[in-house]
Amino acid sequence: MIHLSAFQIFLLLTVLKIAVVLVITLTAVAYTVLLERKVLGRMQNRWGPSRVGPFGLLQPLADGIKLFLKEDLMPLAVERPLFVAAPVIALACALISISMVPFGAETTYQGVDLFQIANINVGLLIILGVTSIGVYGIALSGWSSNNKYSLFGSLRSTAQVISYELALGLSLVGVILRAGSLSLRDIVNSQSAHGARSWNIFGGLQIVGFFIYLMAAYAETNRSPFDLPEAESELVAGYHTEYSSMKFAMFFMAEYANMITVACVATLLFFGGASSPFGHLTDHLFATGFIHAVLPIFWFVFKVFSFILLYIWVRATLPRFRYDQLMGFGWKFLLPLAMVNILATALVLAFRS
Amino acid sequence: MQIALFTIFGLLAVIAALNMLLQRHPINSALSLVVVMMSLAVLYWSLGAEFLAAAQIIVYAGAVMVLFVFVVMLLNAGEEQRTKGSKIASIAGFPGAAAIFCLLTFIFLKNRAALGNTQLSGLYNGAESNLTRIAHALFTNLLLPFEVTSVLVLVAILGAVVLARKEL
């Protein structure tokens with residue numbers, strides 16, 4: 001047994017955590033694409049991908065090989081450095097924010113929390129900040145492509161993301177007020193007292209905040225019904241029209257990774273994170289050991305999976321917004337509602353204390 | 001560790017600032033400014049001001065500079081013409097900038113005791129978090145300046161609306 005110092009253990013465990021989370025996230029991204037195609041297919045009364053492997057389960061692998069082997073086209077008129085940097089920015093920002101997410105109950109080994117990469121006391125702000133940096137990926141890709149449709153797509157997307165970022169940030173303030181902290185771990189702990197009754201969406205009366213967050217998050221990730229930046233009937237494919245091969249795949253992965261991040265944040269902030277909906281009722285059954293550590297992860301994954309299914313369901317159901325409706329909805333409805341929600345939450349908290 | 005961070009990101013900030021001045025295309029300049037702001041955020045972080053770092057990224061890099069880039073893209077501004085520059089600028093500019101730099105350094109070094117100092121060696125380890133202390137200061141001792149600033153921002157927004165209405 002080699003003796004390691006505390007710092008070396010911390011370093012090794014952190015690298016291990018990053019590797020595991022990265023692999024799981026990327027696999028989840030690939031299979032979310034398959035899930036979306038399957039579920040959309042079923043909702044539209046067709047099969048979806050079913051040829052590669054049993055039930056089409058190897059389809060993501062085939063897609064990956066296809067995207068790797070395709071020719072990487074570089075149009076002549078592009079701004080070369082920015083054209084290459086844009087997908088990297090988009091994917092990097094999408095993957096960084098997952099590092100703040102606590103995906104299990106607090107379990108420390110040698111002083112290192114096993115189920116969260118970084119426990120930072122302004123974790124929520126970091127997620128918001130990294131998301132707002134991600135806009136550059138989309139903005140620059142459209143501009144550097146030197147293509148009118150790409151530029152329109154990225155202008156739409158930038159305007160939409162800036163507008164909805166306000167509503168998104170303000171919808172979370174009620175939760176922060178209740179928890180009294182910006183650390184995601186603290187926010188989860190503040191909802192873990194009585195199971196589902198103390199989750200922010202039920203017991204915390206943050207249901208208005210939750211719906212504002214949900215709608216703003218759909219707009220932030222450019223998903224339908226707010227997918228104007230890539231409206232195929234108007235803009236060919238929007239900001240990634242000129243991209244091919246792995247660069248296109250990076251935008252695609254960034255979109256789905258963002259979806260997963262948004263689902264994780266919704267779970268953490270409004271649905272009690274990794275805590276069980278039955279509270280401590282089942283604690284005496286598995287007081288210690290492996291199941292005790294792994295059961296919270298199961299609940300977390302289950303909640304995130306439900307959010308992703310909701311995303312797909314919404315995509316199959318709702319038609320796209322018109323551009324002026326989109327802006328009006330964000331600025332005239334969601335933003336004032338979010339402010340009223342903050343005021344009401346603050347007043348209730350002030351009267352209670 | 002902190003020294004290494006300071007060296008890397010301090011150098012990065014200076015290089016990006018120079019790059020901002022030397023680039024001819026507005027978008028490249030704007031992006032260099034983003035790099036400057038993010039390096040500054042890392043410096044704040046290494047001084048133990050994590051809230052300030054996060055606010056710097058959200059407000060400046062994430063909102064203000066996105067608007068800059070947006071406007072540059074919308075107006076489709078082309079590359080600048082490189083001129084020789086006026087004589088006065090090169091004669092008075094460089095010594096003037098050097099003089100201001102020297103003056104500021106002198107003042108900061110002289111009043112070092114009054115400015116207070118912070119440790120480069122790690123985060124703030126007090127009983128309450130950094131954030132709580134900032135909030136406490138803003139809403140008790142500094143309440144009046146805080147509110148006056150918010151009125152000032154409101155005036156600026158109204159001014160922008162009035163100016164834009166005249167154009168429409």
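I looked up A:F226 first: its relative accessibility is 3%, so I put it down as buried (under 20% relative accessible area; exposed is over 50%, partly exposed in between, with a 1.4 Å probe and protein chains only). A:F321 has a relative accessible area of 24% and is partly exposed.

The model is predicted: local features need pLDDT of at least 70, side-chain atom pairs count only at pLDDT 80 or more, and totals for chains, interfaces and linings use all residues. Residues are numbered from 1 along each chain as its sequence is written, chains are lettered from A and ligands numbered from 1 in the order in which they are written, and side-chain values use heavy atoms, without hydrogens and water.

Next I checked ring pairs (Phe, Tyr and the six-membered ring of Trp, centres within 6.5 Å; planes under 30 degrees apart are stacked, over 60 edge-to-face, the rest tilted). I noted 21 aromatic pairs over all chains. A:F83 and A:Y243 are both buried. A:F226 and A:F321 also form a stacked pair, at 5.0 Å centre to centre and 25 degrees between the planes. I also listed a cluster linked by ring pairs: A:W199, A:F210, A:F211, A:Y213, A:F270, A:F271 and A:F307.

Helix α10 (residues 245–270) of chain A packs on helix α11 (residues 290–317) of chain A at about 125 degrees, with axes 9 Å apart (lines fitted to C-alpha atoms over the stretch in contact; angles run from 0 to 180 degrees between N-to-C directions).

Notes:
Helices (H or I, at least four residues) and strands (E, at least two) are DSSP runs, numbered from the N terminus.
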